[in-house]
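Subject: Structure handover

Hi there,

Here is the structure I promised to pass on to you. Have a look at it first, and then read on for what turned up in it.

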Amino acid sequence: MPRRGGKQGERKASCSLTEVVFVLVLLACGFMIGFVGSHTSSEEDAPVRLRQHPAIPPRHIAEQHSSGPLNASMWGHIPQPFEGYASKCGPTPEEGYPKTAPIADIIKNWNPDAGKWTPSHMYESVCRFDYATDLDKAIAYRDAEVPFQLYNVPSMNAVARAWSDPAHLRRKLGATTKYKCEASNPGGEANFGANHFMYTNGRSSRNPPIKNVQLSWDDWLRKIDEAVNTSVLEPNSRFYFRFSASNPSDARSGWLFKELPFFQPKPNVFFKDPRAQRGIHCRFGMEGIVAEAHWDGSRNTIAQFYGRRRYVLVDPDHTCDMYLLAKNHPSGRHSKVDWSNPDSWEKFPDFPTMPAHEVVQRPGDFLYLPTYYLHYIVSIDTNYQCNTRSGRDDRQLKVVNECTPGFEKQASPPRRGKKPWPSRGKF
């Protein structure tokens, strides 16, 4: 009997010890859950500037080799070219490159005010060249003054990865430093909606199409957060964040030249004439923003770092079909047509048949736009883009001047007389 009682006591002691250990484990787990929960809560409650943008989960960025190609599918659907529109993209541009379609068909297929929605196909015919294998082609197309895309540039891929983290840009731009940014001015002269932006040159205008606002990086990220469940038709819901660097020695923005080595004015595919560069200009868009159609008087190379941006493009030979505002208008060089509203096109009989084509920029892409090439830009989602210019080619100056009121009698600007630089540099 004593022995049996002893065993029962041992079993009771053993059970008690087990129960104690079990309780301690539960307490420890509860502490850890509370600790993790408190950190999760603090992350959710943190300012938007400290959170990773949901479009690019951090683990996906980490999974990609720092020098390898970017996985374009991470940023959402890219419509495929309609059958018969994909170009052959040989060593030099083929006759009729790039293929076009009537602008009425392009808008019917994909209205600029469609927001984040994308169709299955689009009227894309711009060649895409891999920097690692097609550099010679890219240079040939640039010299032929036709548009093309270039991708898989190692230094660009690295920047796109770095800029996907808002904390990185916060360190560069400053959390509270104010920048001259833009808001749309619905009801303003030549403004077609709360999400439509039209450049104004600052000349006297009683009711300009945009208004300038001062925003910091943190301010802009908060605006994005506030706009998530807000219609693009809501005034003061969409903003462009802008900053520029005029030269590498600029105390405030010179870092941009170091950050973007491909845009340093050196001989390479991005510059026909590096000596004619006039700084780097960055424009970050919010989902649904439309930048109205216009032409620029210089070659333009556009780099996409984040999100998707759609470009509808028109060759300068068809400038007259754009119905441009006059030179002395605060928004001169811009189309007076509301592209997103076909019901308003009756006033512009030549516009619906205007030949055009389109392309989507995704992170890691460069888009080359020749001098005077007309472009209309739609932000499919939140996106970051910077561009730089490198001189001009005046072979289409005559038709642009004739079709832009106020420019008809303007003579061709004098040539600089400098030979173009070679452009074989790699990054």
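Let me start with a pair of residues that face each other across two strands: Phe284 has Tyr384 in strand 17 as its bridge partner. Please keep in mind throughout that this is a predicted model.

Strand 10 (residues 277-285) and strand 17 (residues 383-390) run antiparallel and are joined by seven bridges. Strand 10 also pairs with strand 9 (residues 239-245), again antiparallel, through five bridges. One spot to look at there is Ser244, which stands opposite His281 of strand 10.

What does Phe284 touch, once its neighbours within four places in sequence are left aside? Its contacts include the aromatic residues Trp163, Trp217, Trp220, Phe239, Tyr240, Phe241, Phe243 and Tyr384. Leu169, Arg309, Asn383 and Gln385 are also in contact with Phe284.

The nonpolar cores

Phe284 is also among the residues with the most contacts inside the largest nonpolar core, together with Leu150, Trp163, Trp220, Leu260 and Phe305. That core has 69 residues. Another core, of 30 residues, lies apart from it, and Phe351, Met354, Leu374 and Leu397 are among its members. As background, nonpolar side chains in soluble globular proteins tend to be buried together.

Elsewhere you will find six strands that form an open sheet with mixed pairing, in the order 2-14-13-16-11-7. Its edges are strand 2 (101-102) and strand 7 (196-197), each of which pairs on one side only. Strand 2 runs antiparallel to strand 14 (residues 355-361), and two bridges join them. Ala101 has Ala356 in strand 14 as its bridge partner.

Two loop residues deserve a stop. Thr382 sits in the loop between strand 16 (374-379) and strand 17. Is Thr382 buried or exposed? Its relative accessibility is 16%, so Thr382 counts as buried. Although Thr382 and Met286 are 96 residues apart along the chain, their C-alpha atoms are separated by 4.4 Å. Leaving aside neighbours within four places in sequence, Thr382 is in contact with Gly285, Met286 and Glu287, with Trp220 and Ile224, and with Tyr306, Gly307 and Arg308.

Arg308, one of those contacts of Thr382, belongs to the loop between strand 12 (300-306) and strand 13 (309-314). Why does Arg308 count as buried? Because its relative accessibility is 4%, and the cut-off for buried is under 20%. The side chain of Arg308 reaches the backbone oxygen of His77 at 2.8 Å.

Salt bridges

How many salt bridges does the structure hold? There are 21.

- Lys178 and Asp219 form a salt bridge, with 2.6 Å between the closest N and O atoms. This pair links distant parts of the chain, 41 residues apart: Lys178 is in the loop between helix 6 (166-173) and strand 6 (179-184), and Asp219 is in helix 7 (residues 217-227). Lys178 counts as partly exposed because its relative accessibility is 41%, whereas Asp219, at 16%, counts as buried.
- Asp273 and Arg275 form a salt bridge with the closest N and O atoms 3.4 Å apart. Asp273 is buried, with a relative accessible area of 13%, while Arg275 is partly exposed at 35%.
- Arg392 and Asp394 form a salt bridge, the closest N and O atoms being 3.1 Å apart. Arg392 counts as partly exposed at 35% relative accessibility, and Asp394 counts as buried at 10%.

There is also a network: Lys116, Glu287, Arg308 and Asp381 are joined by salt bridges that share partners.

Overall numbers

The protein has nine helices and 17 strands. Of its 427 residues, 51% count as buried. Among contacts between residues at least 6 apart in sequence, 79% join residues at least 24 apart. The accessible surface comes to about 20300 Å², and carbon and sulfur atoms account for 55% of that.

Key:
Residues are numbered from 1 along each chain as its sequence is written. This is a predicted model: local features need pLDDT of at least 70, side-chain atom pairs count only at pLDDT 80 or more; totals for chains, interfaces and linings use all residues. Side-chain values use heavy atoms; hydrogens and water are left out. Two strands pair if DSSP finds at least two bridges between them. Helices (H or I, at least four residues) and strands (E, at least two) are DSSP runs, numbered from the N terminus. A nonpolar core is a set of buried Ala, Val, Leu, Ile, Met, Phe, Trp, Tyr and Cys residues joined through side-chain atoms within 4.5 Å. Buried means under 20% relative accessible area, exposed over 50%, partly exposed in between (1.4 Å probe, protein chains only). Contact means heavy atoms within 4.5 Å. A polar contact is a pair of N or O atoms within 3.5 Å; within protein, one must be able to donate a hydrogen and the other to accept it, and residues adjacent in sequence count only if both atoms are side-chain atoms. A salt bridge is a side-chain nitrogen of Lys or Arg within 4 Å of a carboxyl oxygen of Asp or Glu. Accessible areas come from the Shrake-Rupley method with a 1.4 Å probe; for residues, only the protein chains shown count as cover.
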